[in-house]
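Try each task before you read its solution.

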Amino acid sequence: MKHSLVRPGIVAVFTVFAALLPYITGNLYYLHVATVIGVYWVLIATLNLLVGFTGQLSVGHVGLLAIGAYAFCLLAGGQGWNPFIALLAGGGVCAVIGLLLGLPSLRLPGFYFAMATLAFGLIVSELAQAEQWLTNGSVGMPAPSFPAPFDTPWGFYWLVFGIAAFITWMTANLARFMWGRAMVALRDSTVAASSVAIPIYWTKLIVFVFSGFTAGVAGGLYATSQSYITPDAFIVNLGIYFFVAIVIGGRGVIIGPFIGAAVLAAIPELVGPLAKYGTFFYGFILLVVVLVLPGGFGELINTLVEKLRRTPQSSTHIEPDLEQLRTAIRPRA
Amino acid sequence: MSQKALRLTGLGRRGLLAGATGIASGLAMPAIAQNKPIRMGWIAAVSGMFASNAQAQDWGFHQTVADLNEKGGLLGRKIEVVMRDSAADPSKAVSFAKELVYNENIDVLCGPINSGEALPTLGIVSGAKKLHLIGGSVEELIDPVKYPLGFRNLNANGQWIKVAVKFMVEDLKKTKVAIINDNTGYGVLSRDKVTQFLAARNLKPVYTATVDPNKPDVTDELLKAKDAGADVITEWSNATGFVARLVNARGEQNWDVPIVGHPTILQEQVAKLLTKRSYWDNAYGLGYRHEVVDAQGKLPDNVQAFMDKHKDTIGPYMAAGLPAFLQGNAAVTIYAEGLTKAGDPDPMKVKAALESIPVIKAPYGPFIYTPKDHNGFQDEGIVLVNANALLPNGGYPPVKIG
Amino acid sequence: MLLVIISGLALGGLYGMTALVYNVMYSTSKVLSFGTGQFAMVGGICTAWLVLDLHWPLWLGFVACLASGAAFGWLSEVIAVRRIVAASDEHLWVLSTLALSTMVQEAMSIWWGTDPTPFPRVLPQEFAGAFDQKFWLPLVLAVAMAVGLEQFYRRSMTGKLFIAMSEDAFAARARGVSTDRMRSLSYVLAGILGAMSGFAGGQLTFADFALGTALGLSGFIALAVGGIGSSVGALVGGAILGMLTSLTTHYFGAQYQKTIAIGLLILLLVVRPQGLFGTTRVRQV
Amino acid sequence: MSDTLEAKTVMKRFGGLTAVDGVSLELRPGEVHGLIGPNGSGKTTLLNLISGYYPIDEGQIRLCGQDVTRRSVRQRSKGGVARTFQTPKLVLSLPVLDNAMLGGWPDVRSGFLETAWALPRPRREETALRERAAAMLRGVGLSGVMDRRADLLEHTAQRFLEIARALTLRPKFVLLDEPAGGLTVAEIEHLGAIIGVMRDSGIGVLLVEHHTDFVFKVCDRVTALNLGRMIAHGSPTEVRNDPDVIRVYLGA
């Protein structure tokens with residue numbers, strides 16, 4: 001609260017930069033890369049609440065992304081819905097599916113949950129292939145675009161940017177108030193969390209459903225950014241990419257994973273021949289970060305800032321203020 | 001601004017200049033055009049799931065370009081290839097397609113060469129008004145109304161299935177068909193098409209099974225087909241392991257029923273997975289006229305010529321089969337013919353040229369494009385070949401029944 | 001029908017062996033490794049490469065297969081587990097083993113290719129059918145592995161120490177057991193057993209880079225169904241899953257095979273989280 | 001009495017071992033109740049049974065007249081039972097102030113979306129909770145380290161932070177599990193004063209402690225356990241002079 005000018009300043013500069021990006025590059029291909037990063041970010045921002053804050057390792061969000069994409073294409077394309085309504089409906093479908101998936105699986109310990117979500121991702125791709133009447137099988141389906149002014153590459157970029165900014169704002173709010181503390185508490189110590197009456201299971205579930213909703217929205221945007229979807233577009237490796245972005249960025253840091261997402265998405269695009277080694281590279285980075293820098297770069301920066309800002313304190317001298325304590329315990333008495 | 005106006009009149013700036021100077025002095029034309037090469041974009045998944053086939057295609061593509069450049073390029077201009085490896089990932093294919101059409105200023109895009117990757121790129125390439133040679137077999141890829149600049153440089157899936165069904169019914173004279181396909185989208189799609197073509201001949205499959213391609217044993221499905229009274233099996237899968245298990249199971253049951261199906265069954269990779277090589281007898285895969293040798297055991301002349309010319313480097317790519325590298329060749333050959341006839345890389349002109357050439361005789365097979373049909377490849381280019389009859393030169397003898 | 005049952009049991013043996021490998025690593029480190037299935041994949045490809053491409057004799061290929069498993073097991077402990085277990089954060093070991101597993105699989109797909117390749121015949125055999133070695137090898141080996149492991153846990157000093165560590169690592173350390181070495185040993189053992197399962201199942205699965213992930217998931221389902229820490233549970237869990245897969249494919253086709261297997265897992269975990277043969281653990285405060 | 005926290009003949013077995021064997025205990029508001037006994041006598045287990053971390057085998061736990069035997073830890077915390085742990089259980093990656101604020105969770109009424117949209121209520125609650133937690137921290141003597149991350153705190157300070165968090169819950173009862181462990185003489189004195197304020201404010205305190213001098217000094221009543229059974233119960237003086245207690249625990 002005291003040093004509150006720096007952070008909003010950075011956020012403002014970044015926002016202006018991102019909003020003006022199309023003018024800076026002026027190149028449709030780079031714009032496409034920026035748009036795709038924005039779409040991924042819509043998913044990663046809330047997945048970070050689940051993985052980074054709440055500590056639930058969902059490997060299956062790529063399944064939710066796929067469901068959102070298909071729902072969007074079916075509703076906006078096949079049924080002729082307004083694309084914005086279809087986008088929200090896709091999010092809604094994923095929220096419900098997230099609820100159905102989370103209800104049994106969030107009761108399970110970490111590795112079980114990771115496996116259950118991995119399995120979920122596999123089931124989704126199995127069904128996307130098999131249920132031809134709905135998904136058109138491996139042939140896939142074209143994705144509708146949004147009405148003017150969002151029908152041009154620039155317009156679509158700003159739409160994605162706007163949604164991403166809104167979601168980032170929401171996650172930042174969640175993180176800075178009591179819900180954020182509750183999430184971190186149940187990640188770090190379930191014993192401590194239950195001792196202060198945090199409903200562990202319900203908190204996990206609500207975060208999971210929320211991240212399911214935005215994964216669905218991201219799915220719709222992803223479909224439009226790709227202009228066409230097939231089951232092959234939603235491979236498990238994409239889920240690993242989401243993870244690596246979060247882990248490098250720093251779990252429990254709102255904006256950290258954005259840097260991870262941007263860097264990881266840009267590298268294979270800018271260095272074409274690396275495409276082949278893409279997934280290997282993701283695995284490698286994940287391992288290195290987990291071993292060397294488990295908090296990710298976000299936490300590293302936070303720690304450095306902390307060190308710079310504060311004068312080191314000597315050992316704590318505990319001197320209770322009993323009067324204050326008395327009034328604090330019984331404020332009205 | 002003026003460029004747009006010129007294009008509307010049917011003449012690009014480059015064409016106008018070239019034409020003008022051409023009239024002035026016939027010899028000066030190459031000198032001016034030479035300063036700007038023809039740029040061919042090329043997206044192929046040379047790593048990832050379908051790598052071995054794609055590597056052979058990639059090789060064929062580059063060799064053909066090198067041959068053309070050796071002869072002075074096209075329209076007197078050198079050809080440059082801008083290649084991207086999409087690693088069998090559709091989202092990468094989309095990114096690279098955008099990169100190539102927007103950033104690399106290419107004259108034509110060839111590929112992606114798998115249907116799953118090609119489908120999402122259609123809108124991008126047609127939106128950017130670039131000529132597009134499409135290397136996937138799915139029907140939906142070609143639509144001269146929606147994508148007027150898209151041309152297919154191989155056969156469509158329906159052609160395969162049509163020929164396969166015709167072969168089973170007319171040549172093998174079998175009517176009790178069992179369909180066994182894998183549970184990928186492609187497998188299921190093909191199953192439905194086979195059923196359709198059978199229905200057109202008033203036939204119904206006696207048995208169908210959709211199987212996980214990683215299922216370690218398919219004896220069960222095979223026995224069920226036998227119980228259903230099948231006298232021919234048709235398989236639709238591009239998973240070598242799955243196809244090999246099917247052929248193995250048939251051999252182990254000593255059931256001498258013909259298996260007809262997807263070209264995967266012809267792959268050396270399948271043969272390696274067989275318990276006995278003799279199991280490969282009586283298995284027929286979809287091949288091409290260009291693979292079938294004449295009475296003297298010789299491949300068609302233009303195929304043999306291409307292979308002779310590149311015999312030093314062809315070695316590693318022979319295993320993928322002739323169709324793979326000839327398909328890479330076809331993409332370049334088709335474009336080269338269109339461009340030469342158009343005399344100008346303007347996509348609309350090349351399109352018009354391709355639609356007006358009576359027949360393009362690529363080693364892969366004859367292609368005929370019309371304004372209403374951009375599929376090009378002709379049914380008679382496809383033939384069934386006997387898997388175990390593969391000759392050392394990569395060809396097959398014609399199938400003899402009985 | 002006999003074939004349906006036999007091939008289901010063979011698959012079950014393969015899943016059961018993978019579950020046993022999970023157990024061996026879990027006993028000393030409380031880590032469920034994402035890379036468990038990769039041991040079999042590496043062992044299988046290694047054998048196929050040495051025997052079929054480099055023409056080594058089969059027995060030598062088998063030895064090399066086990067050696068590759070041992071080396072890989074040891075490396076995965078050193079790289080992905082040792083430092084992480086010290087930090088005792090479940091989050092991290094899930095990620096580190098996932099990362100290692102991804103790397104190994106990708107490296108294999110680049111080096112070996114993505115097509116499955118043949119696996120050598122282990123015993124000469126002239127007939128085919130339900131008594132094919134490809135069916136009974138994994139089955140027999142799974143049972144042998146479970147029996148062997150039980151004997152190892154009961155009879156040998158090292159095995160007893162594994163059990164001691166699985167019950168209370170802290171107490172074991174307090175009594176002077178070198179827990180780091182025990183953990184390393186258990187990973188080497190797990191690698192050997194995993195590679196052996198890849199060898200036993202090679203004729204069934206072929207040498208395939210994608211085998212690891214599939215086995216990792218199916219083996220885990222077998223483990224969860226049977227209950228962590230129980231050898232009998234691993235076998236029974238594997239057999240149940242293998243039979244279920246085989247029977248559903250027989251009756252309903254393959255479209256919903258994963259969906260059914262995973263449905264079973266979720267259902268069981270809701271009804272009986274500790275698995276059929278597992279024991280409930282007391283929560284520590 | 002309906003405003004007490006009661007354990008009635010509770011029983012807990014681990015395998016063949018009976019850790020707590022028919023112990024009864026009543027914690028009244030405004031009273032400090034000591035729980036002593038040798039290692040393994042079941043003190044911490046009893047605490048875990050009362051706060052709900054272990055399911056109980058036999059007996060009953062009543063909170064303000066209500067049977068809470070089958071209620072979860074969370075429901076008991078909401079009902080006003082706060083506690084600290086033998087090894088402090090903190091959210092180590094959060095600052096000290098945030099840790100203390102967590103104690104205010106039961107009073108948070110803002111929903112998930114309300115918070116995501118930063119509506120007035122979450123903002124209001126945030127400010128109020130921050131104030132409440134800060135006052136508690138100053139009260140227990142941690143005013144200088146409120147912004148420091150909890151993992152950078154010394155062990156003793158962590159103990160006081162746990163107490164502040166427990167008090168931010170505005171509990172009716174506080175269960176302290178060996179709070180004096182590792183504290184200096186001066187710090188133990190502070191702890192005694194804080195416990196005194198808690199008692200004066202009407203909170204019932206259950207104190208599990210090895211430090212018997214401290215227990216006899218601050219407690220109103222004391223219960224002594226051995227091998228899971230209650231061996232003495234009464235005022236500090238009575239328990240101190242109980243022959244059984246002297247034999248098994250205090251020594252002659």
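**Exercise 1.** Work out how helix α2 (residues 36–53) of chain C and helix α9 (residues 211–226) of chain C pack: at what angle, and how far apart are their axes?

*Solution.* Start with the axes: in this predicted model, α2(C) and α9(C) pack at an angle of about 140°, and their axes lie 7 Å apart. Next, name the arrangement. Angles over 145 degrees count as roughly antiparallel and 65 to 115 as roughly perpendicular, so α2(C) is oblique to α9(C). Last, check the handedness: α2(C) passes α9(C) in a right-handed crossing.

**Exercise 2.** Find which residues make the contact of α2(C) and α9(C), then sort them by type.

*Solution.* First take the α2(C) side: Gly37(C), Gln38(C), Ala40(C) and Met41(C). Then turn to α9(C), which brings in Leu211(C), Gly212(C), Thr213(C), Leu215(C) and Gly216(C). Now sort them, remembering that Gly counts as polar.

**Exercise 3.** Decide which element of chain C has the highest mean pLDDT and which the lowest.

*Solution.* Then go element by element: α2(C) comes out highest at 94, while helix α11 (residues 257–271) of chain C is lowest at 77. For the model overall, the scores are ipTM 0.85 and pTM 0.88.

**Exercise 4.** Which pair of chains has the most contacts?

*Solution.* Five pairs of chains touch, and chains A and D have the most contacts among them. Chain B and chain D do not touch, with their nearest C-alpha atoms 32 Å apart.

Conventions. Residues numbered from 1 in each chain as written. Chains lettered and ligands numbered in written order. Predicted model: local features only at pLDDT ≥ 70, side-chain atom pairs only at ≥ 80, totals over all residues. Heavy atoms only, no water. Axes fitted to C-alpha atoms, helices over the stretch in contact; angles between N-to-C directions. Helix = DSSP H or I, 4+ residues; strand = E, 2+ residues; numbered from the N terminus. Parallel < 35°, antiparallel > 145°, perpendicular 65-115°, else oblique. Left-handed = near helix turned anticlockwise from the far one by under 90°. Contact = heavy atoms within 4.5 Å. pLDDT = per-residue confidence, 0-100.
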